[in-house]
Amino acid sequence: MSLKIAVVGAGPAGCMAACNLNKDFEITLFDKQSPLKTLLPTGGGKCNLAHAEFDFKELVKNYPRGEKFLYSAFSRFGTAETISFFENIGVKTYIRDDKRIFPISNSSKDVRNKILDKLHHCKFQKEEIISIKKLSTGFELTSKKSKYYFDIVIISTGGKSGYKILQDLGHTISEPKPSLVGFKTTPCLKELQGVSIRNCKIICDKKEFIGDIIFTDNGISGPAIFELSSINARKEFPYNITIDFLNSDIDLQELFNNNPHKNLGNLLSEYLPKSLIHEIIKTNLNEKCHAIRSNTKELINMTLRNFVFEINGTRKDGEIVTCGGINLNEINPKTFESKKISSLYVCGEVLDADGLCGGYNLQLCWSSGYLCATDVNLKE
Ligand SMILES: Cc1cc2nc3c(=O)[nH]c(=O)nc-3n(C[C@H](O)[C@H](O)[C@H](O)COP(=O)(O)OP(=O)(O)OC[C@H]3O[C@@H](n4cnc5c(N)ncnc54)[C@H](O)[C@@H]3O)c2cc1C
């Protein structure tokens, strides 16, 4: 008799596990929605499926949660193995200048279809699993419609659900918090909605984050903010950050001295968007530089280089991954099997591990999914 395997959650992690399970097993994928639906919006629909960091010791540094835990996994299934896996299923990839890896088709739909092609031997069950009970041999899975029995269970329910099932099985969960998100701020500078500023420097708790930001209807977002939100995912609101919009060597005093007859607004808008200047500089922008008083110049300098925002909470935008999940001390980092319940495996975002923007979160799914399948394949 072949082993019966249940994969609960057919997102990237669960599907990666199913793809790599021994084809002789009887495999059922449960999902409350269509399989791999969560892959479709990734990378803005283009699917940033990994990051071109081929040294696993460097790769792990991009995971604010899980760095040590993922060391072993990435040493065995890292970026190179991910590229080969996709190549083997017919997804050729390319590396962008910023080291993000995408399919040549630039289509997450294409990646989804290629993965699903590899799963034709699996059974899909469109149902939500509401509880899992460990029996003396195997597991009982309960949905609203029915009960099912399996020898081995892989839980890959992502960052939004599945925690209760794991808690009922005796696992502990670190509190889920959103990461890679925008922030609600005071002031919110709503009039600047859609305006982006390139290469700002954000300072928070003496840490610096450099990158682009974009103003939104109620705060700020963009790559630099996502990174900050990941590092600070567990920090209590409210807290303050300062932004250096200029983030360059420009000496404003010198600039004013060298351009005495230029009007202030025109001069500053050579460096920053006009709309930003008009919104935050509370002085007469038509004034000629030579006429500006020195304390006003100092105020302009402070405003552009040390603009303070109070961060009040998170927005519902960005990649939105979950910081938090199943306690990593309870999972074997080599096999992704539960240390508490044998034959129970956990992979993907449901783990208390998450990465920065750039393909790291999908890499976590591919690596953990692959490695738990490899271990299941060793079971008789
Ligand atoms: C807009 C957006 C863009 C992103 N872009 C990128 C990117 O370009 N690169 C990158 O690396 N990461 C990206 N991410 C993050 C990445 O999508 C996630 O890290 C990844 O999807 C997690 O995969 P997973 O399989 O662990 O969980 P999920 O993708 O969340 O899948 C879990 C699945 O389990 C199902 N499920 C949950 N509970 C149950 C249950 N009880 N019974 C049955 N089914 C259940 C869900 O329906 C879901 O289909 C992005 C995220 C978002 C939101």
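Colleague: What makes α1 largely enclosed by the rest of the structure?

Modeller: This is a predicted model. In it, 8 of the 9 residues of α1 are buried, so the helix is largely enclosed by the rest of the structure. A residue counts as buried if 20 or more other C-beta atoms lie within 10 Å of its own.

Colleague: How do you describe the packing of α1 against α12?

Modeller: Two packed helices are described by the angle between their axes and the distance between the axes. For α1 and α12, the axes come within 7 Å and cross at roughly 35°. The crossing of α1 with α12 is right-handed.

Colleague: Which residues of α1 and α12 meet?

Modeller: From α1, Pro 12, Ala 13, Gly 14, Met 16, Ala 17 and Asn 20 take part. Their counterparts in α12 include Leu 362, Cys 365, Trp 366, Tyr 370 and Ala 373. By class, this contact has 10 nonpolar, 5 polar and no charged residues.

Colleague: Which residues are the closest to the ligand?

Modeller: The closest are Gly 9, Gly 11, Thr 38, Gly 158 and Gly 348, among the 35 residues that surround the ligand. The elements that give two or more residues to this shell are α1 (12-20) and α12 (360-376). Of the elements, α12 gives the most, with 4 residues. The shell divides into 12 nonpolar, 17 polar and 6 charged residues.

Colleague: Why is Ile 213 called buried?

Modeller: Ile 213 has 25 other C-beta atoms within 10 Å. The criterion asks for 20 or more, and Ile 213 is therefore buried. This residue lies in strand β14 (residues 207-215). Leaving out residues up to four places away in sequence, Ile 213 touches Ser 196, Ile 197, Cys 200, Ile 220, Gly 222, Ala 224 and Ile 225. Ile 213 and Gly 182 are 31 residues apart in sequence, and their C-alpha atoms are 9.5 Å apart in space.

Colleague: Why is Cys 204 called partly exposed?

Modeller: Cys 204 has 18 other C-beta atoms within 10 Å. A residue is buried at 20 or more and exposed at 12 or fewer; with 18, Cys 204 is therefore partly exposed. Cys 204 is placed in strand β13 (residues 196-204). Apart from neighbours within four places in sequence, its contacts are Leu 228, Asn 232 and Ile 241. Between Cys 204 and Leu 189 there are 20 Å, C-alpha to C-alpha, for a separation of 15 residues in sequence.

Colleague: How is the chain divided into domains?

Modeller: Domain 1 comprises 4-177 + 320-376, and domain 2 comprises 183-314. Their centres, taken over C-alpha atoms, are separated by 40 Å. In the contact, 5 residues of domain 1 meet 7 residues of domain 2. On the side of domain 1 that touches domain 2, the residues divide into 4 nonpolar, no polar and 1 charged.

Colleague: What are the figures for the chain as a whole?

Modeller: The chain has 12 helices and 19 strands, and 43% of its 380 residues are buried. Its C-alpha trace spans about 90 × 40 × 35 Å along the principal axes.

Conventions
Residues are numbered from 1 along each chain as its sequence is written. This is a predicted model: local features need pLDDT of at least 70, side-chain atom pairs count only at pLDDT 80 or more; totals for chains, interfaces and linings use all residues. A residue is near a molecule or strand if its C-beta atom, placed from the backbone, lies within 6 Å of it. Ala, Val, Leu, Ile, Met, Phe, Trp, Tyr, Cys and Pro count as nonpolar, Asp, Glu, Lys and Arg as charged, and the others, Gly among them, as polar. Domain bounds come from an automatic or database domain assignment. Two residues are in contact if their C-beta atoms, placed from the backbone, lie within 7 Å. Axes are lines fitted to C-alpha atoms, for helices over the stretch in contact, and angles run from 0 to 180 degrees between N-to-C directions. A crossing is left-handed if the near helix is turned anticlockwise from the far one by less than a right angle, and right-handed if clockwise.
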